[in-house]
Each structure stands twice: as structure tokens, then as C-alpha cells.
Amino acid sequence: IPALIRRFHEAKLANAPSVTVWGTGTPKREFLYSEDMADACVYLMGLSDERYTALLGSDESVTGRFEPPLVNIGVGEDLTIAELADLVGRVVGYEGGIVYDSSKPDGTPRKLMDSGRILAMGWSPRIALEDGIADAYRHFLAAEEQRQDDRRENADQQADPEAPPHVRDADREAVRRDGQEACLAEVQQAGVAEVHVEADGGQAVDDGRDAHGLRDRLAEDRVP
């Protein structure tokens with residue numbers, strides 16, 4: 001599911017005409033939301049001794065050995081990979097087609113557990129597959145946004161290591177211009193008559209007097 005979410009998301013952003021899925025799309029799989037799995041574990045741990053003992057493979061007081069209960073936790077139903085791909089595409093909002101690459105392996109034709117024991121005890125999953133995928137996609141988008149923010153911040157820090165992390169874009173441009181104005185003021189204080197920008201974007205100091213290191217500083221930034 002995570003791979004399908006990313007594949008459909010990237011195809012949506014790129015306006016790709018189709019998404020390729022490995023295999024024929026016919027194998028069937030069962031999916032359980034992680035929070036439902038955790039809820040089932042808590043449910044089993046909270047059983048009374050009597051109900052818990054009934055799940056054991058044998059009576060330890062008789063056999064002398066402990067056999068943990070074997071309880072499958074699932075939803076009790078499955079769907080084809082093709083149905084899953086359609087569902088993920090719909091949740092992501094992708095409107096293109098889906099192509100199945102039958103040259104790639106399908107894997108096991110079906111994986112469905114018998115969850116009859118825990119279902120008969122009264123526990124049942126609460127989160128539908130579509131709702132679970134939608135929640136997973138929201139987390140995916142939040143993670144993608146955070147990664148983009150991290151990349152922008154790293155790029156800003158490389159460009160200007162001494163700038164505070166929150167100074168970006170327009171704020172950074174304002175800081176740059178303020179620095180230029182301060183530098184020009186120092187040039188004027190040094191007695192330089194005029195500073196102008198040449199056609200090639202370089203800076204020149206008129207009247208033949210040397211502004212020492214100030215002209216080198218001006219060469220680093222274009223005068224607005």
C-alpha cells in the first residue's frame with residue numbers, strides 16, 4: 001500500500017496518463033489497519049483468566065507445558081490487487097489509467113486468515129480499508145511537506161550559513177538589501193565619490209580613489 005500511494009501520488013503530480021502495477025492484478029490480499037491490530041492485542045490482554053485459559057492450546061496443569069493461544073487477527077475478507085489499486089487511486093485523486101505488467105510475478109494467489117476465534121469473542125475491526133488508506137495518505141502528504149521544508153531550509157543554510165533558519169525568501173532578500181545599503185554607507189564615509197553598476201553586473205568605484213576592501217565586498221552583491 002505505501003508503494004501504491006507514492007506511485008499514484010507522483011503520477012497525479014506529473015499528470016501521467018497511466019500507472020503501472022506489477023502482476024495481473026488478480027491475487028487477493030487481506031489488509032488490517034495498524035490501530036485495529038493494536039486494539040485487538042489490548043482486547044486479548046484484557047480478557048479474564050477464564051476466557052484467556054479457554055484460548056490455550058492445552059491445560060498446563062495437566063501437560064506440564066505452556067502453549068500460548070494461537071489467535072489470528074484479521075478482518076475476515078480480502079480483495080484483489082486490482083481492486084486495491086483502484087481504491088488507492090481514488091483516494092489519492094488520480095484520474096489516469098492503470099496498466100498491469102503481467103511479465104512481473106503475482107506471488108501467492110491468496111492470503112486470507114481465519115479470524116473466526118477472535119471475531120466470535122466479540123472483537124471486530126473498526127476502521128474500513130478505504131478510511132485507513134485515506135488516513136495513511138494524509139500522513140504521507142504531511143511527511144512530504146515536511147521533507148520539502150527541510151530541503152528548502154538546508155538550501156538556505158548552504159547559501160547563507162549565518163542566517164537564522166526562519167529568514168527565508170522575501171525576508172532573506174530584505175536582509176541582503178539592508179546589507180548592501182550599509183556597505184554603500186561605508187563607501188561614502190570612506191570618501192568615494194560614486195558607485196555605479198556596469199553593464200556586465202560588476203561594480204566600479206569612480207574618481208580613482210581606492211576603497212580598499214569595500215569594493216571587494218560590493219562585488220559579492222549586485223547593487224539594487
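**Close-up views of a predicted model**

**View 1. The surroundings of Asp78.** Apart from neighbours within four places in sequence, Asp78 is in contact with Lys28, Arg29, Glu30, Arg110 and Leu112. The model shown here and in the other views is predicted. Asp78 lies in the loop that connects helix 4 (60-63) with strand 3, and the side chains of Asp78 and Arg110 are joined by a polar contact of 2.6 Å. Is Asp78 buried or exposed? Because its relative accessible area is 17%, and buried means under 20%, Asp78 counts as buried.

View 2. Three strands form an open sheet in the order 3-2-5, and their pairing is mixed. Strand 3 (79-80) and strand 5 (110-111) are the edge strands, each of them pairing on one side only. Strand 2 (residues 28-29) and strand 3 run antiparallel and are joined by two bridges, with Arg29 standing opposite Leu79 in strand 3. In general, the strands of a sheet pair through backbone hydrogen bonds, in either a parallel or an antiparallel manner.

**View 3. Helix 5 and the residue that follows.** After helix 5 comes Gly93, which has a positive phi, near 95°.

**View 4. Leu84 and its contacts.** Leu84 belongs to helix 5 and has a relative accessible area of 3%, which means that this residue is buried, the limit being under 20%. When neighbours within four places in sequence are left aside, the contacts of Leu84 are Ile1, Leu4, Phe31, Leu79, Leu129 and Ile133. Although Leu84 and Arg29 are 55 residues apart in sequence, their C-alpha atoms are 8.9 Å apart in space.

View 5. Which of the 17 residues in the largest nonpolar core touch the most other members? They are Leu4, Ile5, Phe8, Leu84, Val88, Ile133 and Tyr137. At least two residues of this core are supplied by each of helix 1 (2-14), strand 1 (18-22), helix 5 (81-92) and helix 7, and helix 5 gives the largest share, six residues. Val88, with residues up to four places away in sequence not counted, touches Leu4, Ile5, Phe8 and Ile133. In soluble globular proteins, nonpolar side chains tend to be buried together.

**View 6. Glu144 in helix 7.** Glu144 is part of helix 7 (residues 129-159), and its side chain is joined to that of Arg147 by a polar contact of 2.2 Å. The relative accessible area of Glu144 is 17%, and because buried means under 20%, this residue is classed as buried.

**View 7. The whole protein, as context for the close-ups.** The secondary structure comprises nine helices and seven strands, and 27% of the 224 residues in the protein are buried. Among the contacts with a separation of 6 or more, 72% are between residues 24 or more positions apart. The protein exposes about 14600 Å², of which carbon and sulfur atoms supply 51%.

Note on methods:
Residues numbered from 1 in each chain as written. Predicted model: local features only at pLDDT ≥ 70, side-chain atom pairs only at ≥ 80, totals over all residues. Heavy atoms only, no water. Helix = DSSP H or I, 4+ residues; strand = E, 2+ residues; numbered from the N terminus. Buried < 20%, exposed > 50% of the residue type's maximum accessible area, 1.4 Å probe, protein only. Polar contact = N/O pair within 3.5 Å; in protein donor to acceptor, adjacent residues only side chain to side chain. Core = buried A, V, L, I, M, F, W, Y, C linked by side-chain atoms within 4.5 Å. Contact = heavy atoms within 4.5 Å. Areas by Shrake-Rupley, 256 points an atom, 1.4 Å probe, with all protein chains shown as cover. Pairing = 2+ DSSP bridges.
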